[in-house]
Amino acid sequence: MAEHNLIGAQGEQYACRFLEDNGYEVLERNWRQARHELDIIARKGRELIIVEVKTRSSDQHGQPEDAVKKGKRGKLIQGANAYIMTTGCELAVRFDIISVIIHPTSKPYIHHITDAFYPTLHERPF
């Protein structure tokens with residue numbers, strides 16, 4: 001496995017642990033259907049939380065969450081719709097981003113951005 005994939009998997013593990021430690025129930029990791037992929041699907045109370053995890057080994061080139069641009073947000077919305085249609089979930093949906101910076105000599109830095117973005121009513125949100 002390529003190093004960036006290993007760092008990404010490690011970041012997702014940290015993100016899951018962070019969520020569970022903060023009262024979230026992780027329902028799915030790396031959920032896939034057709035062309036859709038969601039990093040983490042969690043639940044807290046009456047909300048379904050779609051979490052995009054971005055991991056970097058440093059912040060030298062900016063914060064990891066900055067990589068979740070309009071096109072990626074559109075794909076996450078489509079993936080959430082596919083998950084809801086597949087499972088029949090009737091919970092309110094929220095989109096979060098967890099940014100992880102893994103420093104080789106210190107604890108990872110985790111930044112949880114709740115309600116990071118909202119689906120739009122436009123026909124093409126991306």
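Before the first stop, a word on names: helices (H or I, at least four residues) and strands (E, at least two) are DSSP runs, numbered from the N terminus. With that in hand, select histidine 36, which lies in strand 2 (residues 36-44). Keep in mind that you are looking at a predicted model.

**Stop 1: around histidine 36**

Is histidine 36 buried or exposed? Its relative accessibility is 12%, and the cut-off for buried is under 20%, so histidine 36 counts as buried. Now show what surrounds it. Setting aside neighbours within four places in sequence, histidine 36 is in contact with Trp31, Gln78, Gly79 and Ala82.

**Stop 2**

How many strands does the open sheet have, and in what order? There are 5, in the order 1-2-3-4-5, and the pairing is mixed. Strand 1 and strand 5 stand at the edges; each has a single partner strand, so one side of each has no neighbour in the sheet. Going from one strand to the next, the twist averages 30 degrees.

A bit of background: strands of a sheet pair through backbone hydrogen bonds, and they can do this in a parallel or an antiparallel way. You can look at both kinds here. Select strand 3 and strand 4, which pair in the parallel sense over 10 bridges. Then move over to strand 4 and strand 5, which pair in the antiparallel sense over 6 bridges. Here, isoleucine 98 has histidine 112 in strand 5 as its bridge partner.

**Stop 2: helix 2**

Now for helix 2. Helix 2 has 18 residues and reaches 26 Å from its first C-alpha to its last, close to the 26 Å expected at 1.5 Å a residue. Which residues of helix 2 are buried? Select Gly74, Leu76, Ile77, Gly79, Ala80, Ala82 and Tyr83 to see them. These buried residues pack against strand 1, strand 2, strand 3, strand 4 and strand 5. When you look along the helix, remember that an α-helix has 3.6 residues a turn, so residues three or four places apart point the same way.

Follow the chain out of helix 2 and you come to glycine 88, whose phi is positive, near 75 degrees.

**Stop 3: two aromatic pairs**

Time to show the rings. How many aromatic pairs does a search of the whole structure find? It finds 2. Select tryptophan 31 and tyrosine 83: this pair is edge-to-face, at 5.2 Å centre to centre and with 85 degrees between the planes. The pair links distant parts of the chain, since tryptophan 31 is in strand 1 (residues 25-33) and tyrosine 83 is in helix 2 (residues 70-87), 52 residues apart. Both tryptophan 31 and tyrosine 83 are buried.

Now go to phenylalanine 95 and phenylalanine 117. Their ring centres are 4.9 Å apart and their planes are at 25 degrees, so this pair is stacked. Phenylalanine 95 sits in strand 4 (residues 92-101) and phenylalanine 117 in strand 5 (residues 109-117), 22 residues apart, which again links distant parts of the chain. Both phenylalanine 95 and phenylalanine 117 are buried.

**Stop 4: glutamate 52**

Select glutamate 52, in strand 3 (residues 47-56). With a relative accessible area of 3%, glutamate 52 is buried. Show side chains, and you can find a polar contact of 3.4 Å between those of glutamate 52 and lysine 54. Leaving aside neighbours within four places in sequence, the residues in contact with glutamate 52 are Asp39, Val68, Lys72, Leu76, Asp96, Ile97 and Ile98.

**Stop 6**

Most residues other than glycine have a negative phi. For our last stop, pick out asparagine 30, in strand 1. Its phi is near 50 degrees, a positive value in a residue other than glycine. With a relative accessible area of 29%, asparagine 30 is partly exposed.

Then step along to alanine 34, found in the loop between strand 1 and strand 2. Alanine 34 also has a positive phi, near 50 degrees. Buried or exposed? At 79% relative accessibility, alanine 34 counts as exposed.

Terms used: Residues numbered from 1 in each chain as written. Predicted model: local features only at pLDDT ≥ 70, side-chain atom pairs only at ≥ 80, totals over all residues. Heavy atoms only, no water. Buried < 20%, exposed > 50% of the residue type's maximum accessible area, 1.4 Å probe, protein only. Polar contact = N/O pair within 3.5 Å; in protein donor to acceptor, adjacent residues only side chain to side chain. Contact = heavy atoms within 4.5 Å. Phe/Tyr/Trp six-rings, centres within 6.5 Å; stacked < 30°, edge-to-face > 60°. Pairing = 2+ DSSP bridges. Axes fitted to C-alpha atoms, helices over the stretch in contact; angles between N-to-C directions. Expected span 1.5 Å × (residues − 1).
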